[in-house]
Amino acid sequence: MEKITEQNLQAGLPFVEAKHYRKGRRAKVRVLVIHTAETPEHDKAAESIQAYCARRETKVSCHEAVDNNSVVAGVRPYDTAWTTGSINDFSYSYELAGRARQTKAEWADEYSTDMLKLAAKRVAKAAVLWKIPVVKLSPAELKAGRSGICGHVDQTVAYEVKGGHWDPGPNFPWLLFLDLVKAEVAALTGAPVPPIVPTVPVAPVPPAPAPAHDCTKNTVKKGSKGECVKTAQARLIHHGFEPGPVDGVFGPKTQAAVRYFQEVRKLKADGIVGPAETWPALMKG
């Protein structure tokens with residue numbers, strides 16, 4: 001096997017240069033980050049994602065975009081993509097076609113299965129290049145400086161990013177994906193992936209601070225405003241959901257995040273934060 005280097009990692013991939021990124025790196029890559037591009041699934045999605053990054057005025061970019069049949073690069077491995085906020089300096093990013101709200105069944109359909117297999121090949125190459133263990137990092141492990149693979153949501157939770165992202169979503173098939181990556185690493189290196197040596201546990205990320213006053217007896221819903229709405233928004237972000245900015249205004253984005261949180265937690269999905277079910281669920285953890 002030809003030695004994988006930063007210069008040849010993207011060899012053979014179409015390249016559509018992103019409009020916004022930073023030349024060079026300030027740190028060695030130690031984290032491979034999985035995103036969803038929040039785009040419809042189609043067989044030209046990777047091309048569309050990078051074309052979007054090439055013309056978009058908002059400062060966003062990614063190293064590689066992946067759909068069911070192609071991978072398109074937009075930022076070179078030795079340059080810094082603007083995609084995951086505080087960990088851009090030491091991360092390499094993959095934008096997968098699809099949405100974070102996908103169900104388990106949707107992640108298991110033919111399109112997503114083909115895409116995950118293709119993404120696993122790309123992640124495996126990067127793991128071999130930078131000697132990154134094929135393990136899923138928790139937010140606490142990410143913040144503690146561990147090396148591995150994570151989602152954008154893990155950065156949001158680890159660094160308590162207000163209005164952060166929750167992709168690739170709570171139904172992303174991490175165990176399956178890591179197994180696919182391990183198989184590709186074994187094929188590239190000609191040897192099984194070595195067993196993971198247990199490390200000293202990292203303390204979990206502390207829970208979001210308790211509100212100054214108890215909101216859990218109140219009901220907040222679309223149109224509500226105030227501190228209890230801010231508390232609900234902050235707790236949604238803490239759990240990896242995206243309600244928009246923590247601004248105390250219960251708008252459509254907050255309502256959608258509440259409804260999706262309720263669906264995932266098997267609660268009545270009415271988009272209303274009430275004292276019977278949703279507040280207790282939000283305040284856990």
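Is Cys228 buried or exposed? Cys228 is buried, with a relative accessible area of 10%. This is a predicted model, and the report below covers its cysteines.

**The disulfide**

The structure holds one disulfide. Its partners are Cys215 and Cys228, with sulfur atoms 2.2 Å apart. The pair links distant parts of the chain. Cys215 sits in the loop between helix H6 (174-189) and helix H7 (227-238). Cys228 belongs to helix H7 itself. The link of Cys215 and Cys228 is left-handed, with -85° about the S-S bond. Cys215 is buried too, at a relative accessible area of 1%.

Cys62 is in no disulfide. For Cys62, the nearest cysteine sulfur is that of Cys53, 4.7 Å away. Cys62 is buried, with a relative accessible area of 0%.

Cys150 is likewise in no disulfide. Here the nearest cysteine sulfur belongs to Cys62, and it lies 15 Å away. Cys150 is buried, again with a value of 0% for relative accessible area.

**Burial by residue**

| Cysteine | Relative accessible area |
|---|---|
| Cys215 | 1%, buried |
| Cys228 | 10%, buried |
| Cys62 | 0%, buried |
| Cys150 | 0%, buried |

Key: Residues numbered from 1 in each chain as written. Predicted model: local features only at pLDDT ≥ 70, side-chain atom pairs only at ≥ 80, totals over all residues. Heavy atoms only, no water. Disulfide = S-S within 2.5 Å. Helix = DSSP H or I, 4+ residues; strand = E, 2+ residues; numbered from the N terminus. Buried < 20%, exposed > 50% of the residue type's maximum accessible area, 1.4 Å probe, protein only.
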